[in-house]
Amino acid sequence: MCANRDRHPTFKASFAERANHVSHPLSNYLLRLMELKKSNLCLSADVTSARELLSLADRIGPSIVILKTHYDLIAGWDYHPQTGTGAKLGALARKHGFLIFEDRKFGDIGSTVQLQYTAGTARIIDWAHIVNVNMVPGKAAVTALQAAAARWRSRVGYEVKTSVSVGTPVSDSFDENDEDGEDGEEADDHLAPTPKEPPLSTGIRGTDHNGRKGSIVSITTLTQSFEPVDSPRFATTIAEGDELVYPGIEEPPWERGLLILAQMSSAGNLMSKEYTQACVEAAREHNDFVMGFISQETLNSQSTDAFISMTPGCQLPPEGEEEDATVAGDGLGQQYNTPANLVGLCGSDIIIVGRGILKAASPQAEAERYRRKAWKAYLNRIGQST
């Protein structure tokens, strides 16, 4: 079923140990989050309404480390960049401690995937920590996405601070200045030259050409400046109650991450060994942006590889049946495997589960069952007792 990968150091290393040896800031964060929550579960939130998506993220969030979305499935997706569905998902991710993975599977020429990632109505890069790419167009798509993420990253570390002050001058101070000017004893002639002709009324205290004294009603001062921000969120997205952050770990870093679609769980897929190897080579060339793979097994083989593998097509037999029992496919090409096989034997790090949780009588309880089974398989793999 899986190639023998147990010789690679990442197979037996704990997530905490691996966090110390990854260069990608988001990979480091994710591995530490997994260790903190004792979870290596990703929920594939394949629902069709924004209300259902947000409710699901809130209910299942405590059990997962990644929420996988398909924004284009969602009816009622609010595209507002500060208060829309993406921003609300971000607040829930901070509250419950998970990352957002938009399963976009970019697969076009470089300039197109850059626009799909950073522009349009969805502006995926603003709210999704992780995206993925189909390598059929070649390595140029990975290069283009990395360049787009780098440009975005260089701009979002700052926010515009605007301050407005409105004040009314104290009249006594102007009277005193007026009197000083009339006495000629304390006024500085070089700071207040006398005009040769009476000026038009300006709203500044003095005498206009009609002999009437003017006055300042108010002074409004508008100041704008760019200031660095430490928190990886937009200040305008923080509504009351949205400032909660999962205890025990800081907020995710600004950096965005990419997963390469290297293997699939569907029957008859056309991803050959040559294609998978090309994915691995692209990941190594862009390891400061590529976090890992969507694959059926760990693809770490060289000593310097430190990639994270996420695997779909995971399902448990019904409660009470043997854990390693065969699980039938869905009749539409999807093939299923158990956490014990995927994590324990194949070396996958994170299991991706959708319908196995969503269609359960109690999705929350079923998510916890998957979390426990996947974590047990991980502990057995690294030789720790549960």
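Visitor: What makes strand 11 and strand 12 count as paired, and in which sense do they pair?
Guide: In this predicted model, two bridges join strand 11 to strand 12 (residues 350–353), in the parallel sense. Pairing requires at least two bridges, so the term applies. Within this pairing, T311 stands opposite I351 in strand 12.

Visitor: How do you know that strand 10 and strand 11 pair?
Guide: Strand 10 (residues 290–294) and strand 11 have three bridges in the parallel sense. The criterion is at least two bridges, so these strands are paired. Here G292 stands opposite I308 in strand 11.

Visitor: Why is A87 called buried?
Guide: The relative accessibility of A87 is 16%, and buried means under 20%, so A87 counts as buried. A87 belongs to helix 5 (residues 85–96). The C-alpha atoms of A87 and A128 are 9.7 Å apart, while the two residues are 41 residues apart in sequence.

Visitor: Why does T276 count as buried?
Guide: T276, a residue of helix 10 (residues 273–285), has a relative accessibility of 9%; the limit is under 20%, and T276 is therefore buried.

Visitor: Which residues is T276 in contact with, leaving aside its neighbours within four places in sequence?
Guide: With those neighbours left aside, T276 is in contact with A262, Q263 and L299.

Terms used: Residues are numbered from 1 along each chain as its sequence is written. This is a predicted model: local features need pLDDT of at least 70, side-chain atom pairs count only at pLDDT 80 or more; totals for chains, interfaces and linings use all residues. Side-chain values use heavy atoms; hydrogens and water are left out. Helices (H or I, at least four residues) and strands (E, at least two) are DSSP runs, numbered from the N terminus. Buried means under 20% relative accessible area, exposed over 50%, partly exposed in between (1.4 Å probe, protein chains only). Contact means heavy atoms within 4.5 Å.
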